[in-house]
Number of protein chains: 2
Amino acid sequence: METDGSKEPDSVSTVIPGWFSEISPMWPGEAHSLKIEKILFQGKSDYQNVMVFQSATYGKVLVLDGVIQLTERDECAYQEMITHLPLCSIPNPKKVLVIGGGDGGVLREVARYASIEKIDICEIDKMVVDVSKQFFPDVAIGYEDPRVTLHVGDGVAFLKAAPAGTYDAVIVDSSDPIGPAKELFEKPFFQTVANALRPGGVVCTQAESIWLHMDIIEDIVENCREIFKGSVNYAWTTVPTYPSGVIGFMLCSTEGPAVDFKHPVNSIDASERPLRFYNSEIHTAAFCLPSFAKKVIDAKAK
Amino acid sequence: METDGSKEPDSVSTVIPGWFSEISPMWPGEAHSLKIEKILFQGKSDYQNVMVFQSATYGKVLVLDGVIQLTERDECAYQEMITHLPLCSIPNPKKVLVIGGGDGGVLREVARYASIEKIDICEIDKMVVDVSKQFFPDVAIGYEDPRVTLHVGDGVAFLKAAPAGTYDAVIVDSSDPIGPAKELFEKPFFQTVANALRPGGVVCTQAESIWLHMDIIEDIVENCREIFKGSVNYAWTTVPTYPSGVIGFMLCSTEGPAVDFKHPVNSIDASERPLRFYNSEIHTAAFCLPSFAKKVIDAKAK
């Protein structure tokens with residue numbers, strides 16, 4: 001683990017001096033850049049490069065393999081939507097599994113539900129957990145809930161070992177399908193998720209950008225339609241520091257009690273800690289797609 | 001008018017060689033960059049710097065004073081939403097005024113309505129019109145509709161000279177409130193718009209980003225609430241190449257027949273030229289705001 005902040009990582013040196021620039025074959029020809037005030041951490045885990053920096057205007061930023069995972073300024077949109085889209089769609093969720101999500105932000109949101117008894121999280125990279133606890137206490141606060149059990153290891157193996165029908169909901173908070181998360185976008189993985197869910201259980205997976213990755217989304221929708229015999233829906237939201245400014249979610253349910261993802265059955269008690277982004281109206285709105293995306297997704301969903 | 005493509009403008013030379021980078025005090029500490037294949041035009045009009053370049057992955061790009069106005073890849077979102085949000089909200093629009101919008105994209109969308117008899121456009125900068133006709137034929141095609149009259153001049157003066165109650169709808173397709181469009185965000189301008197509208201007429205103005213400019217939006221909402229005695233609503237949409245990836249619209253109606261912007265009364269015949277972005281569901285969804293924005297806007301709207 002390197003912690004010498006004086007050496008600039010590759011993603012800094014290629015651009016405006018003192019700025020971080022997000023360049024990837026996943027979004028060729030474009031890059032979003034943030035001005036760095038100070039690099040707080042850089043290290044190399046068994047799985048990826050991990051960096052944290054203080055930005056000029058987006059608060060602290062977590063970067064994995066050169067790709068922004070969260071900033072303090074806009075993390076609310078992603079964490080609240082990936083969590084509450086599935087969990088507000090089923091009555092009384094009790095057992096939830098988070099795959100990835102090592103920063104703890106999804107745990108923080110899952111912990112809002114009084115009905116929940118057990119929250120498992122399986123994150124492959126312990127460095128992500130440690131770095132989040134050190135630099136993002138308002139995100140990693142999710143780990144403090146006594147219902148949470150952290151499993152450091154491979155999400156696919158963990159799911160395979162889970163008894164069939166264990167979970168009410170599985171949330172897959174993964175990075176992009178380049179690197180350690182590749183398997184989480186493939187068909188066998190979705191089958192494993194389906195097995196671990198109870199009848200009428202739900203899954204929500206990070207599902208890329210309609211502006212950039214309709215080809216990936218098309219494949220995910222096709223795979224999910226074959227595997228999940230309940231509902232299969234695509235939703236999306238705004239996250240300024242993600243490429244193209246949006247991120248999508250695949251929401252599916254297994255055969256069993258019907259799930260109508262577009263009309264949430266739960267609302268959230270935000271009296272203690274306000275929701276910054278999510279509300280019931282934006283939940284429903286997230287399923288309305290631009291015509292160019294709707295055409296492709298509806299065709300695959302049939 | 002300079003057309004020497006060999007001299008790189010400021011916004012190119014400060015960043016990754018061969019990339020355009022959008023740096024502005026309007027969004028400090030961040031920049032979106034596009035890879036340049038070729039600079040096609042650069043000039044200085046009486047009002048601003050004008051640049052067109054061929055990007056690697058977003059098609060041709062129009063830049064005014066260093067700020068991206070449109071790219072061929074994502075212009076559909078902005079042009080379709082700023083036009084159809086107001087025009088689908090009133091029955092049988094007949095007379096429409098576009099302020100700004102010199103690229104012609106809004107005209108292209110306005111021309112879809114068979115009920116429309118007269119389309120005025122008032123653009124202050126002739127160079128924007130000429131450059132669009134030369135480099136963006138699929139956008140500037142809007143000028144070919146025989147109902148269109150182009151007025152080159154100041155939008156505020158044009159509106160003041162218009163007889164009261166002339167228009168069913170005014171669309172203000174402006175750049176940011178730094179530079180020639182500054183006046184278009186101020187209270188006297190909104191009063192002038194209100195005077196030029198018929199009772200129950202509608203206005204839609206470009207109204208910045210909820211992620212970046214809640215202070216500006218707060219002022220706009222407050223001004224509009226004082227001036228427009230019908231509906232006052234804020235809507236937003238995704239545009240990847242705009243700062244923070246979103247852009248908002250202020251939608252207001254004058255006293256008269258009630259306008260319910262959230263529930264469109266018209267649908268669009270897209271059989272001849274398909275809509276790439278807009279549909280009735282995304283129209284309604286555009287009015288659902290994240291909690292942090294809803295709180296501020298609802299407070300001002302009361």
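**Chains A and B, strand by strand**

A hairpin of 4 residues links E2(A) to E3(A). This is a predicted model, in which local features need pLDDT of at least 70 and side-chain atom pairs count only at pLDDT 80 or more, while totals for chains, interfaces and linings use all residues. Residues are numbered from 1 along each chain as its sequence is written, chains are lettered from A in the order in which they are written, and side-chain values use heavy atoms, with hydrogens and water left out.

User: How many bridges join E2(A) to E3(A)?

Analyst: Strands here are DSSP runs of at least two residues (E), helices are runs of at least four (H or I), and both are numbered from the N terminus. Two strands pair if DSSP finds at least two bridges between them. One of the bridges puts Phe41(A) with Val52(A) in E3(A). E2(A) and E3(A), residues 49-55, run antiparallel, and the count is 7 bridges.

User: Which residue of E2(A) is the bridge partner of Phe20(A)?

Analyst: Strand E1 of chain A, residues 19-22, pairs with E2(A) in the antiparallel sense over 4 bridges. Within E2(A), the partner of Phe20(A) is Leu34(A).

User: Which residue in E2(B) is the bridge partner of Glu30(A)?

Analyst: Strand E2 of chain A, residues 30-44, also pairs with E2(B), antiparallel over 5 bridges. Ala31(A) sits opposite Ser33(B) there. For Glu30(A), the partner in E2(B) is Leu34(B).

User: What area is buried between chain B and chain A?

Analyst: Buried area is the accessible area (1.4 Å probe) that two parts lose on being put together, summed over both. Carbon and sulfur atoms give 61% of it, and the total is about 3200 Å². On chain B's side, 19% comes from a trio that supplies more than any other three residues: Gly29(B), Glu30(B) and Trp211(B).

User: How many salt bridges are there between chain B and chain A?

Analyst: A salt bridge needs a side-chain nitrogen of Lys or Arg within 4 Å of a carboxyl oxygen of Asp or Glu. Between chain B and chain A, the count is 0.

User: Which element gives the largest share of the side of chain B that touches chain A?

Analyst: With contact meaning heavy atoms within 4.5 Å, 42 residues of chain B meet 43 residues of chain A. Several elements of chain B each supply at least two residues of that side, including helix H2 (75-87) and helix H10 (291-301). The largest share, 6 residues, comes from E2(B).
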